[in-house]
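Morning, everyone, and thanks for making time. Let me put the model up on the screen, and then I'll walk you through a few parts of it.

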Amino acid sequence: MDFRVIIPARYDSKRLPGKPLLAIAGKPMVQHVHERAFESGATDVVIATDDERIARVARGFGARVVMTSTEHHSGTDRLAEAVTLLGCEDNEIIVNLQGDEPLMPAAVITQVAHDLHAHADASVATLCTPIHTAEDVSNPNVVKVVFSKKGYALYFSRAPIAWEREHFRVSHFRPSGHHMHYRHIGLYAYRAGFLGRYITWPVCDMEEMEVLEQLRVLWNDEKIHVSEAAAIPPPGVDTEEERLRVERLIEEFQS
């Protein structure tokens, strides 16, 4: 099965300016991401950016680069433009791999692409992992997902879903353990033609309330298939502390 990985990468970041180019274990972060993408078996890997500094560095380590608009408000918008510029066929499977995920397991990238291929009625595929702690269930920075018996997403939320009425309390969450809770992993595979539709849709109310783009997909009656990830991806890099932690992990693995 063929699939393409596109890595949206922008220079500006409020918490970590120039993030894709920050050095981790002797390489710019975006190069580590690019290597993980190729390890997945993708037939093509492209870095989509609006910044010549990123483009220059990426070409320097042999990456294919597509230049996109500076006006995009999200990585999905940048991805949609890249798909157009690359002339992708509507049924082509595109994996959106964020440029700040240098430790994303290659097997997980492969998995999400194959999952979309296996579910012809879905426009999007994504992944999840079980949640086992009350802290994560109640943490609004941990996005939760509930899905049907066939694995199609019903809802994504920052709230504790599903809500176990007999075991949760507003002041102190205590999951019973009888019902699994799932954390959404922000790795997506799309059908290229879907992206052209997605960017024409206005932001919906629940997307705006939760600040979760994927809710726009459900609002417009498109299907998202969700599978449990074959490996648990480490967190991405949003702060200097996280960059240093990732660097230590890579150096430990290489030693």
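Let's start with Arg-64, which is partly exposed at a relative accessible area of 41%. For these words, buried is under 20% relative accessible area, exposed is over 50%, and partly exposed is in between, using a 1.4 Å probe and protein chains only.

A word on where this comes from: it is a predicted model, so local features need pLDDT of at least 70 and side-chain atom pairs count only at pLDDT 80 or more, while totals for chains, interfaces and linings use all residues. Residues are numbered from 1 along each chain as its sequence is written, and side-chain values use heavy atoms, with hydrogens and water left out.

Back to Arg-64. What does its side chain meet in a salt bridge? The partner is Asp-44, at 2.5 Å from N to O. A salt bridge here is a side-chain nitrogen of Lys or Arg within 4 Å of a carboxyl oxygen of Asp or Glu. The two residues are 20 apart and link distant parts of the chain, with Asp-44 in strand 4 (residues 44-49) and Arg-64 in strand 5 (residues 64-67).

Another one pairs Lys-19 with Asp-100, where the closest N and O atoms are 3.0 Å apart. Lys-19 sits in the loop between strand 1 (4-9) and strand 2 (23-24), and Asp-100 in the loop between strand 6 (93-96) and helix 4 (106-118), so this pair ties together parts that are 81 residues apart in sequence. Both Lys-19 and Asp-100 are buried, with Lys-19 at 11% relative accessibility.

Lys-19 also forms a salt bridge with Asp-238, at 2.9 Å between the closest N and O atoms. Asp-238 lies in the loop between strand 11 (224-228) and helix 9 (240-254), while Lys-19 is in the loop between strand 1 and strand 2, so parts 219 residues apart in sequence are tied together. Asp-238 is partly exposed, at 28%.

On to helix 1 (29-39). Eight of its eleven residues are buried, so this helix is largely enclosed by the rest of the structure. Among them are Met-29, Val-30, His-32 and Ala-37. The buried residues pack against strand 1, strand 2, strand 3 (27-28), strand 4, helix 4 and helix 9; contact, by the way, means heavy atoms within 4.5 Å. After helix 1 comes Gly-41, with a positive phi near 90 degrees.

On a 1 Å grid over the protein atoms alone, where a 1.4 Å probe fits, a pocket is an open set of points with protein on both sides within 12 Å along at least five of seven lines, and lining residues have an atom within 4 Å of a point.

Which helix gives the largest share of the lining? That is helix 9, with four residues. The lining includes Lys-27, His-32, Leu-103 and Phe-253. By class, the lining has four nonpolar, two polar and three charged residues.

Last stop: a hairpin. Strand 8 (residues 144-147) and strand 9 (residues 153-157) run antiparallel and are joined by four bridges; two strands pair if DSSP finds at least two bridges between them. Phe-147 stands opposite Ala-153. Five residues separate the two strands, and Gly-151 in the turn has a positive phi of about 90 degrees.

Conventions. Ala, Val, Leu, Ile, Met, Phe, Trp, Tyr, Cys and Pro count as nonpolar, Asp, Glu, Lys and Arg as charged, and the others, Gly among them, as polar.
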